[in-house]
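Here is a short note to read beside the model. Keep the structure open and find each residue as you go.

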Amino acid sequence: MFIRPKAKTFFLSSLFTSVTLFSQAHNVSEGYQKPTDPLVIQNLENWQDLKFGLFMHWGIYSQWGIVESWSLCPEDESWTQRKPEHGKSYCEYVKNYENLQTTFNPTQFNPQKWADAVKKAGMKYVVFTTKHHDGFAMFDTKQSDYKITSTKTPFSKNPKADVTKEIFNTFRKEGFRIGAYFSKPDWHSDDYWWSYFPPKDRNVNYDPKKYPERWNSFKNFTFNQLNEITSNYGKIDILWLDGGWVRPFKTIDPNVEWQRTIKVEQDIDMDKIGMMARKNQPGIIVVDRTVPGKWENYVTPEQAVPEKPLSIPWESCITMGDSFSYVPNDNYKSSQKIIETLVKIISRGGNYLMNIAPGPNGDYDAIVYERLKEISGWMDKNQSAVFATRSVAPYHNGNFYYTQSKDGKTVNIFHLDDQPKYESPSTLSFTIPENFKPKSLKVLGLSNKIQWKKTGNSIEINLPKERNQLKYSTVIQITQ
């Protein structure tokens with residue numbers, strides 16, 4: 001991930017205070033181009049039905065328990081907090097970081113275990129980091145030996161060494177849509193961070209206009225790796241491109257702080273990449289994040305939920321812990337907080353891409369499985385109010401959040417209370433959408449018939465003692 005200020009406070013910040021950062025980082029409506037390819041349009045519609053996805057940041061950095069590969073970037077040293085034992089000088093640090101390739105051996109890697117757990121929790125698509133900014137490929141690229149399948153990497157001897165292949169095949173078999181995260185910048189490549197110049201920030205460290213042959217070589221390298229991913233790994237539904245500073249200079253928004261650090265042209269030729277990806281994978285959704293135009297098919301607020309519904313497709317990528325990558329003793333969100341976040345997102349028409357980071361051994365922390373099991377219990381009862389729904393006015397009113405079925409015949413009202421432990425009240429009163437004529441009403445998860453009355457545009461319901469069984473929320477489903 002990358003839309004970060006240079007302070008650790010953001011890394012640990014409260015989810016819902018990040019909305020301002022998102023709106024500053026990316027004016028989402030401005031510049032959005034609706035796709036014209038009928039297959040892409042249909043795939044976006046289907047993707048919006050999925051609602052809940054799994055994000056996984058995993059790489060050699062998990063061995064140090066640090067924030068992805070950001071500590072390699074001189075610009076970001078302050079908040080990533082390099083540890084002295086990993087290198088006293090910058091050059092020593094980089095050398096030791098790159099040497100992590102020779103010790104990476106996640107022998108507990110079992111993607112079926114992950115797929116089983118997250119499927120029960122209601123997740124329906126997965127986005128996996130095939131390559132982060134450090135350039136270490138978690139797939140079997142032929143463009144570089146800096147990869148998990150290299151003989152330099154101990155795990156290369158494992159029959160599941162191509163973890164991208166194993167993850168995609170396993171999750172696809174379980175009915176998941178497949179997303180490939182890929183970083184456009186590559187800090188390991190001598191054609192991006194040229195060893196002739198020291199890197200000073202996250203951007204290319206030379207002027208591509210002065211050295212066009214070197215930049216062209218990097219463009220070819222990037223194109224070839226993305227061609228490999230979209231050709232050799234089965235059906236892929238989403239190409240999720242990170243590193244938005246690699247962009248045409250004319251697309252820079254001077255009102256956005258991190259974009260003001262881009263001083264040179266870094267046009268990677270997204271038309272060539274996008275057309276190749278669509279040739280290899282017809283209808284693939286392309287997410288060239290933060291670069292408005294025809295290759296940003298949906299927008300991606302990071303650690304943030306927009307305050308209001310957006311008129312375009314969107315997805316909040318939010319960590320289950322505090323970090324996108326594995327750190328020891330991470331502070332994992334409660335199941336209640338995760339479900340509250342899901343409800344808030346879907347009521348505003350978005351998708352929730354929740355990040356879970358595998359550790360250096362190749363598995364999640366035990367607490368992750370506990371959270372997923374708890375979410376599964378809630379999802380079993382309430383999934384009909386979550387999936388294949390759309391936002392509907394009034395969207396959010398006090399402690400009530402709304403979704404509707406795509407045919408408009410059913411409205412779902414979620415009651416939350418943002419308390420440490422949810423307790424369903426004996427009486428609930430709420431408004432319903434304009435011109436909605438309710439015929440039947442039920443509370444999901446309760447078998448008792450519910451007493452209710454309608455007055456004008458409001459409904460009042462009385463809940464039985466059975467309501468004490470409800471965890472995290474009360475979900476009322478009304479049909480007209």
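1. Ground rules. This is a predicted model, so to speak of local features a pLDDT of at least 70 is needed, side-chain atom pairs count only at pLDDT 80 or more, and totals for chains, interfaces and linings use all residues. Residues are numbered from 1 along each chain as its sequence is written, and side-chain values use heavy atoms, with hydrogens and water left out.

2. Helices α10 and α11. Two packed helices are described by the angle between their axes and the distance between the axes. Here, α10 (residues 335-347) and α11 (residues 366-382) pack at about 50°, and their axes are 9 Å apart. Helices (H or I, at least four residues) and strands (E, at least two) are DSSP runs, numbered from the N terminus. Axes are lines fitted to C-alpha atoms, for helices over the stretch in contact, and angles run from 0 to 180 degrees between N-to-C directions. α10 and α11 are therefore oblique to each other. Angles under 35 degrees count as roughly parallel, over 145 as roughly antiparallel, 65 to 115 as roughly perpendicular and the rest as oblique.

3. Who touches whom there? On the α10 side, S335, I338, I339, L342 and V343 meet R371, E374, I375, W378 and M379 of α11. Contact means heavy atoms within 4.5 Å. By class, this contact of α10 with α11 has seven nonpolar, one polar and two charged residues. Ala, Val, Leu, Ile, Met, Phe, Trp, Tyr, Cys and Pro count as nonpolar, Asp, Glu, Lys and Arg as charged, and the others, Gly among them, as polar.

4. Helix α6 with α11. The axes of α6 (residues 111-120) and α11 come within 7 Å and cross at roughly 35°. K113, W114, A117, V118 and K120 of α6 meet Y369, L372, S376 and M379 of α11. The contact of α6 with α11 has six nonpolar, one polar and two charged residues.

5. Helix α6 with α7. The axes of α6 and α7 (residues 163-173) come within 9 Å and cross at roughly 40°. From α6, the contact uses P111, Q112, W114, A115 and V118; from α7, it uses E166, I167, T170, F171 and K173. These residues divide into six nonpolar, two polar and two charged.

6. How many cavities of 30 Å³ or more does a search of the whole structure find? The search finds three. On a 1 Å grid over the protein atoms alone, a cavity is a set of points where a 1.4 Å probe fits but cannot get out, and a pocket is an open set with protein on both sides within 12 Å along at least five of seven lines; lining residues have an atom within 4 Å of a point. The largest cavity holds about 60 Å³ of space. Its lining residues include Y326, D330 and V368.

7. The largest pocket. About 350 Å³ of space lies in it. Of the 17 residues lining the largest pocket, V94, E98, W187, W193 and S195 are the closest to its centre. The lining divides into eleven nonpolar, three polar and three charged residues.

8. Backbone details. The peptide bond from A393 to P394 is cis, with omega near 10°. P394 lies in the loop between β8 (389-390) and β9 (396-397). N329 is not a glycine, yet has a positive phi of about 55°. N329 sits in the loop between β6 (315-319) and α10.

Methods
Grid points are joined across faces, edges and corners, and a volume is the space filled by probe spheres set on the points.
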